[in-house]
Amino acid sequence: MEIVSSNKSFGGWHKRYRHRSQVLGCDMQFAIFLPPQAEQGARVPVLYWLSGLTCTDENFMQKAGAQKLAAELGLAIVAPDTSPRGEGVPGDPDGAWDFGLGAGFYLNATEQPWARHYRMHDYVVQELPALIEASFPVSDRRGISGHSMGGHGALVCALRNPGRYRSLSAFAPIGNPLDCPWGEKAFARYLGEDRSSWREWDACALLASAGERLPILVDQGDRDDFLETQLKPQALQAAARAAGHPLTLRLQPGYDHSYYFIASFIDDHLRHHAAALL
């Protein structure tokens, strides 16, 4: 790994690294916040944060305000990028912002030219945690959360990999990508036109056969511009209810899709994860 930057924060350290990903076939960057307990001999648990469309590892770390409470609780936070990048990595042919670079959708693509690089699920679930746990004073106690596309990613990563994570939450997730424009566009290109294969990457479909009942906390703003057309939390709630899966869905009055919303409720999510991880 090559260190990109290092900043002291609330007694801990926020660091950014670059490394070569064998899974994605390109160089990747990630950010990690190590709380002060990590310098005191403790192997601390890790919350993995998956960001939304157009974001990088920097958005959450700079805007969410999570470091203060994470330092108090003794939680590390890891924020990967949202897609593969670099020379030879294909983006959207029309330059659109909702597909390709910055929009990996945390799945394993099967269609060309995307299948070579767009394997963000394997990267987030397997390769990156193995690197983190081998390189830093952290344990294998993992939680996962995210926002929008990253909320979809967090749900799918946990639901597809029972036992891998001890806690799960999301902010304004794309809960039913099988039935929204963002999801339909991405899945058709990454996975092909056979919609039956898309179910492996849809939280609503996965809830029906989930191998464990990991409690889910979801916050959603009721002034979110994407609420009805893209996010559809009512579909996620209905699927959880039908499966008997524990879901706490909080509709927050007046809040939108921005990091102002995330910063307002991030402490609740950190405590939700800490209750399971510590």
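Let me start with contacts, meaning heavy atoms within 4.5 Å. Among those in the protein between residues at least 6 apart in sequence, 72% join residues at least 24 apart.

A word on the source. This is a predicted model, where local features need pLDDT of at least 70, side-chain atom pairs count only at pLDDT 80 or more, and totals for chains, interfaces and linings use all residues. Residues are numbered from 1 along each chain as its sequence is written, and side-chain values use heavy atoms, with hydrogens and water left out.

Now the overall build. The protein has nine helices and nine strands. These are DSSP runs numbered from the N terminus: helices are H or I with at least four residues, strands are E with at least two. The radius of gyration is 17 Å, close to the 19 Å that the globule rule gives for 278 residues, so the protein is as compact as a globular protein of that length. That radius is taken over C-alpha atoms, and the rule is 2.2 Å times the number of residues to the power 0.38. Along the principal axes, the C-alpha atoms fill a box of roughly 50 × 40 × 35 Å. Of the 278 residues, 58% are buried, that is, under 20% relative accessible area with a 1.4 Å probe, protein chains only.

Nine strands form an open sheet, in the order 1-2-3-5-4-6-7-8-9, with mixed pairing. Two strands pair if DSSP finds at least two bridges between them. Strand 1 (2–9) and strand 9 (247–252) stand at the edges with a single partner each, so one side of each has no neighbour in the sheet. On average, neighbouring strands are turned by 20° against each other, direction ignored.

Look at strands 2 and 3. Strand 2 (residues 12–21) runs antiparallel to strand 3 (residues 26–34), and nine bridges join them. Arg-16 has Ala-31 in strand 3 as its bridge partner.

Stay in strand 3 for Gln-29. Its side chain makes a polar contact of 2.8 Å with the side chain of Arg-18. Polar contact here is a pair of N or O atoms within 3.5 Å; within protein, one must be able to donate a hydrogen and the other to accept it, and residues adjacent in sequence count only if both atoms are side-chain atoms. Beyond four places away in sequence, Gln-29 also touches residues including Val-4, Asp-57 and Pro-80.

Last, a helix. Helix 4 (residues 149–160) lies across strands 4, 6, 7 and 8, at about 130° to strand 6. Axes are lines fitted to C-alpha atoms, for helices over the stretch in contact, and angles run from 0 to 180 degrees between N-to-C directions.

Terms used
Buried means under 20% relative accessible area, exposed over 50%, partly exposed in between (1.4 Å probe, protein chains only).
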